Amino acid sequence: MWATFLYWQVHIPLRLGALIFTATLFLYNLDSVLPYKHGQQPGLSKRKQWMRGHRRELLLLAAVAGIVAAGLFLTDARLSGTLFLAHLGGISVLYSMPLVRQGRRWWALRDLPLLKVFLIGYVWAAVTVWIPALYLGRSLQEPVVLILFARRFLFILALAFVFDIRDYTKDRLTGTLTFPGAFGIQTTKILALTALTTAALLVPPGTPAGHDFVLAVPLLAAAAVIWFAEESRPDYYFALLTDGVMLVQFLAVWWASRGTAVGLL
């Protein structure tokens, strides 16, 4: 989101940054303490075992973060009156919440066949591109906004495929149909690299030509993470390295934007 503000040469509002941070902290910790999910996870990793053992603390952290996020949202006139944001909150909350019970199995939004990666890509792109645009009073139909959104969506989509590879066995055991389960891991990698290549071709207007190499670094890093992704990789290959590519993206944009017209990934 900060990178998006860099594109428009506007300092990121600290209040908005705090809102997105606390809302994300709330959602991810809420997801980690849902009881029904722990019963679905065969062979919990050490990280997951730690989360299960500290469920009470994580629930408290989620509650505090949720209260702070709600307060920041409701007291911000530029966002609280925007009904458009309601569907993003709905998707985010319902993504992992049990909605329908079929036999002994609870189904969440993420369990719908082949939908999970698109939900992740859409919400992350909407939060990090559309919310800054709305905050600055820009139309979501502006060509530059659409290009930024599409590029961000494809970038996050490519990384989301990596997590489907991580969950290949678990998703098969729980009956969740994902791209690796339907088409195989190698085909999923090709799809992810195709999304990444398409994102690289969507260059926002105003991107300085001299910054092409710097702005390509996060795309190359993402491609390497995708290519070497295997289900057997350590948990932090996904939880730290794959997610960390998004920080590389921000650093590249920040470096390219110093003292010049800003280009954005």
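Colleague: Does Gln 9 count as buried or exposed, and at what relative accessibility?
Modeller: This is a predicted model. Gln 9 is found in the loop between helix 1 (2–7) and helix 2. The cut-off for exposed is over 50% relative accessible area. Gln 9 therefore counts as exposed, at 55%.

Colleague: What is the phi of Gln 9?
Modeller: Most residues other than glycine have a negative phi. Gln 9 is a residue other than glycine, yet its phi is positive. The value is near 55°.

Colleague: Which loop holds Leu 114, and what is its phi?
Modeller: Leu 114 is found in the loop between strand 2 (105–107) and helix 8. Leu 114 is not a glycine, although its phi is positive. That phi is about 65°.

Colleague: Is Leu 114 buried, partly exposed or exposed?
Modeller: Buried means under 20% relative accessible area, and exposed means over 50%. Leu 114 has a relative accessible area of 26%, so the class is partly exposed.

Colleague: How many helices and strands does the chain have, and what percentage of its residues are buried?
Modeller: The chain has 14 helices and two strands. It holds 265 residues. Buried residues make up 45%.

Colleague: Among contacts between residues at least 6 apart in sequence, what percentage join residues at least 24 apart?
Modeller: The count takes contacts in the chain between residues at least 6 apart in sequence. Those joining residues at least 24 apart make up 72%.

Colleague: How are helix 7 and helix 8 oriented to each other?
Modeller: Helix 7 covers residues 84–94 and helix 8 covers residues 116–135. They pack at an angle of about 150°, with axes 11 Å apart. Angles over 145 degrees count as roughly antiparallel. The two helices are therefore roughly antiparallel.

Colleague: How do the residues of the contact of helix 7 with helix 8 divide?
Modeller: Helix 7 passes helix 8 in a left-handed crossing. Helix 7 contributes Phe 84, Leu 85, His 87, Leu 88, Ile 91 and Ser 92, while the helix 8 side includes Leu 119, Tyr 122, Trp 130 and Leu 134. The division is 12 nonpolar, two polar and no charged.

Colleague: Where is Val 117, and which residues does it contact beyond its neighbours within four places in sequence?
Modeller: Val 117 is in helix 8. Val 117 has a relative accessible area of 1%, so it is buried. The C-alpha atoms of Val 117 and Thr 178 are separated by 8.5 Å, though the two are 61 residues apart along the chain. Leaving aside neighbours within four places, its contacts are Leu 157, Ala 160, Phe 161, Asp 164 and Phe 179.

Colleague: Which residues does Gly 121 touch, not counting residues up to four places away in sequence?
Modeller: Gly 121 is also placed in helix 8. It is buried, with a relative accessible area of 0%. Gly 121 and Ala 150 are 29 residues apart in sequence and 9.7 Å apart in space, C-alpha to C-alpha. Not counting residues up to four places away, Gly 121 touches Phe 153, Ile 156 and Leu 157.

Colleague: How do the residues of the contact of helix 2 with helix 5 divide?
Modeller: The axes of helix 2 (residues 14–33) and helix 5 (residues 55–74) come within 7 Å and cross at roughly 150°. The crossing is left-handed. Residues that meet include Arg 15, Leu 19 and Phe 26 in helix 2, and Arg 55, Gly 66 and Phe 73 in helix 5. The division is 16 nonpolar, five polar and two charged.

Colleague: What is the handedness of the crossing of helix 2 and helix 8?
Modeller: Helix 2 and helix 8 pack at an angle of about 155°, with their axes 12 Å apart. That makes helix 2 roughly antiparallel to helix 8. The crossing is right-handed.

Colleague: How do the residues of the contact of helix 2 with helix 8 divide?
Modeller: Leu 16, Ile 20 and Tyr 28 in helix 2 meet Trp 124, Val 127, Ile 131 and Tyr 135 in helix 8. The division is seven nonpolar, no polar and no charged.

Technical notes
Residues are numbered from 1 along each chain as its sequence is written. This is a predicted model: local features need pLDDT of at least 70, side-chain atom pairs count only at pLDDT 80 or more; totals for chains, interfaces and linings use all residues. Side-chain values use heavy atoms; hydrogens and water are left out. Axes are lines fitted to C-alpha atoms, for helices over the stretch in contact, and angles run from 0 to 180 degrees between N-to-C directions. Angles under 35 degrees count as roughly parallel, over 145 as roughly antiparallel, 65 to 115 as roughly perpendicular and the rest as oblique. A crossing is left-handed if the near helix is turned anticlockwise from the far one by less than a right angle, and right-handed if clockwise. Contact means heavy atoms within 4.5 Å. Ala, Val, Leu, Ile, Met, Phe, Trp, Tyr, Cys and Pro count as nonpolar, Asp, Glu, Lys and Arg as charged, and the others, Gly among them, as polar. Buried means under 20% relative accessible area, exposed over 50%, partly exposed in between (1.4 Å probe, protein chains only).
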